[in-house]
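Subject: Structure handover

Hello,

Here is the structure I said I would pass on. Please open it beside this email and follow along; my notes come after it.

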Amino acid sequence: MELIGKKPLVLIGMMGAGKTTIGRRLANRLAKKFIDSDNEIELAAGMNIVDFFAKHGEAEFRKGEAKVISRILGQENIVLGTGGGAFINPQIRDLIKKKTISIWIKADFDLLFARISKRATRPLLQTKNPKQTLKKLIDERYPIYEKADITLVSRDVPHEMVVDNLINETIKYLKNND
C-alpha cells in the first residue's frame, strides 16, 4: 500500500461499472479522499446533470467537466471517479495520463444494463432504445478506455474482493513501471 503513495487514482469506465461504489471503498482502504466528478460538476453548475444536459447540452457539459476535473487533479491523495465520457475527451485523458494512475473498471453489456436500468438519471440513455444506445457507447468508448494504465473487470462479486483486486493490480502496475 505504501507503494501507491499520494498519487491520485482515477477510475474510468461506463456508467454503471461501479466507479463510485468501488471508488469510495478504495479511497477508504487507502486513506485517500474520494471525489465523484459528477457530484463536483453538479455543485459547480448549481443543478443536477440531467437538468444541465437538458438546458445546455452535452457540449457545454463536457467543457465544464474538463474544468472541474482539471481543478480536482491538482490535489494529491485522492481517488477520483469520473463520468463515463470524461476519458473520451483528449484534453482530460492527457491530464489523467500525466498526473494519475488511470484504472478502467470494465463491465460487460448485460451487467451494465442491469445496473443502469434501475435509475433514470442517465442523460445519454434518455432515448427510444436505451439498450441500443448503450451498445453504441460501448463500441465507441471501449477502444479509448483501453488506454488506461490498468484494466479491472467488474463482476458481481463482493465489493471488497474488487477493491482487493484493484489494489493488487495497482501495486503490480507500479512495480512494473518504476
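Helices H3 and H4 are oblique to each other, because their axes cross at roughly 125 degrees. Before going on, please note that this is a predicted model.

The helix pair

Two packed helices are described by the angle between their axes and the distance between the axes. The angle is given above; as for the distance, the axes of H3 (residues 49-56) and H4 (residues 58-72) come within 7 Å. Which residues meet there? On the H3 side they are Ile-49, Phe-52, Phe-53 and His-56, and in H4 they are Glu-58, Glu-60, Phe-61 and Arg-62. Sorted by class, this contact has four nonpolar, one polar and three charged residues.

Val-50 also belongs to helix H3. Its relative accessibility is 30%, so Val-50 counts as partly exposed.

Strands of a sheet pair through backbone hydrogen bonds, either parallel or antiparallel. Here five strands form an open sheet with parallel pairing, in the order E2-E3-E1-E4-E5. Which strands stand at the edges? They are E2 and E5 (150-153); each has a single partner strand, so one side of each is left without a neighbour in the sheet. On average, neighbouring strands of this sheet are turned by 20 degrees against each other, direction ignored.

Are the faces of E3 covered or open? Both are covered: Ile-78 and Leu-80 on one side are buried, and so are Val-79 and Gly-81 on the other.

E3 pairs with two strands that are described here. With E1 (residues 9-12), E3 runs parallel and is joined by three bridges. With E2 (residues 33-36), the pairing is also in the parallel sense, over four bridges. Gly-81 of E3 is the bridge partner of Leu-11, and Gly-81 is the bridge partner of Asp-36 as well. Ile-35 stands opposite Leu-80 in E3.

Helix H2 packs on this sheet, where H2 touches E2 and E3. The direction of H2 makes about 65 degrees with that of E2.

The ends of H2

Just after H2 comes Gly-46, with a positive phi of about 75 degrees.

Ala-31 is not a glycine, yet its phi is positive, at about 55 degrees. Ala-31 lies in the loop between helix H1 (19-30) and E2. Is Ala-31 buried or exposed? Its relative accessibility is 60%, so Ala-31 counts as exposed.

Asn-77 is another residue other than glycine with a positive phi, near 60 degrees. Asn-77 is found in the loop between H4 and E3. With a relative accessible area of 24%, Asn-77 is partly exposed.

Regards

Conventions. Residues numbered from 1 in each chain as written. Predicted model: local features only at pLDDT ≥ 70, side-chain atom pairs only at ≥ 80, totals over all residues. Heavy atoms only, no water. Buried < 20%, exposed > 50% of the residue type's maximum accessible area, 1.4 Å probe, protein only. Pairing = 2+ DSSP bridges. Axes fitted to C-alpha atoms, helices over the stretch in contact; angles between N-to-C directions. Parallel < 35°, antiparallel > 145°, perpendicular 65-115°, else oblique. Contact = heavy atoms within 4.5 Å. Nonpolar A, V, L, I, M, F, W, Y, C, P; charged D, E, K, R; others polar.
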